[in-house]
Amino acid sequence: MKEKLSALFSPGTPGRRRFLGLGAAALALPFASRLLALVPSEALPPDRDLSFYNTHTGEFAAVEYCQSGSFVPASLGTINRILRDTRTGEVKDVDLGLLDLLNVLSRTLATNEPFHVISAYRSASTNEYLRKYGSGGVAANSMHLAAKAIDIRVPGVRLRDLYRAAVGLRGGGVGIYPGSDFVHIDVGRVRTW
């Protein structure tokens, strides 16, 4: 009997490989839906650009951040600077997935207008300041701290339409703040508010 069991579960037995494969698939299943949320519904073009207007500093940048499928370091540096924490001046590398999500959003909206940036990267001190003295709704563990979130509006696009377009992409969290005239977009888990 021991020999039969040993033969059944030996490394070369197709049954064991099949069993391990099914086990691995069963363990991966809960994560499959999360992975699908990271895949854009349409293929990203090899050349991608974005334009931003920082509402606090008046700075404007229109850059091609990806050329022939490769990210352009100088362009990313420009984006990082315009999306910096304007209160402290701290600069952080903005999440590339957020940039790609904004690129898809821009193409979905079919507008050439720049994203008007209310807030992007936030240092811990700025985030804490806004939690204490801001208008509310600032999370202690905000995605802004990791440069994975942005608060925007787009000239000529109604706030509700911007919100709906962002929600439709299912690329992360999307919140609408009509009183402050912006939409929050992040590349965290898919959720809305």
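Modeller: Helices (H or I, at least four residues) and strands (E, at least two) are DSSP runs, numbered from the N terminus. The model is predicted, so local features need pLDDT of at least 70 and side-chain atom pairs pLDDT 80 or more, whereas totals for chains, interfaces and linings use all residues. Residues are numbered from 1 along each chain as its sequence is written, and side-chain values use heavy atoms, without hydrogens and water.

The structure holds one cavity of 30 Å³ or more, a cavity being a set of points on a 1 Å grid over the protein atoms alone where a 1.4 Å probe fits but cannot get out. The largest cavity has a volume of about 50 Å³, counted as the space filled by probe spheres set on points joined across faces, edges and corners. Its lining (residues with an atom within 4 Å of a point) consists of Leu101, Leu105, Ala166, Leu169, Gly171, Gly172, Gly173, Val174, Ile185 and Asp186. Two or more of these residues come from each of H4, H6, strand E6 (173-177) and E7. Six lining residues are nonpolar (Ala, Val, Leu, Ile, Met, Phe, Trp, Tyr, Cys and Pro), one is charged (Asp, Glu, Lys and Arg) and three are polar (the others, Gly among them).

Helix H4 (residues 96-109) and helix H6 (residues 159-169) pack with their axes 10 Å apart, at an angle of about 125°; axes are lines fitted to C-alpha atoms over the stretch in contact, and angles run from 0 to 180 degrees between N-to-C directions. Leu101, Val104, Leu105, Thr108 and Leu109 of H4 contact (heavy atoms within 4.5 Å) Asp161, Leu162, Ala165, Ala166 and Leu169 of H6. Eight residues of this contact are nonpolar, one is polar and one is charged.

The largest pocket, an open set with protein on both sides within 12 Å along at least five of seven lines, holds about 650 Å³ of space. Of its 34 lining residues, Ser119, Arg122, Leu130, Val138 and Asp151 lie nearest the centre. Strand E4 (115-119), helix H5 (124-133) and strand E7 (182-186) each supply at least two residues of the lining of this pocket, which has 13 nonpolar, 14 polar and seven charged residues.
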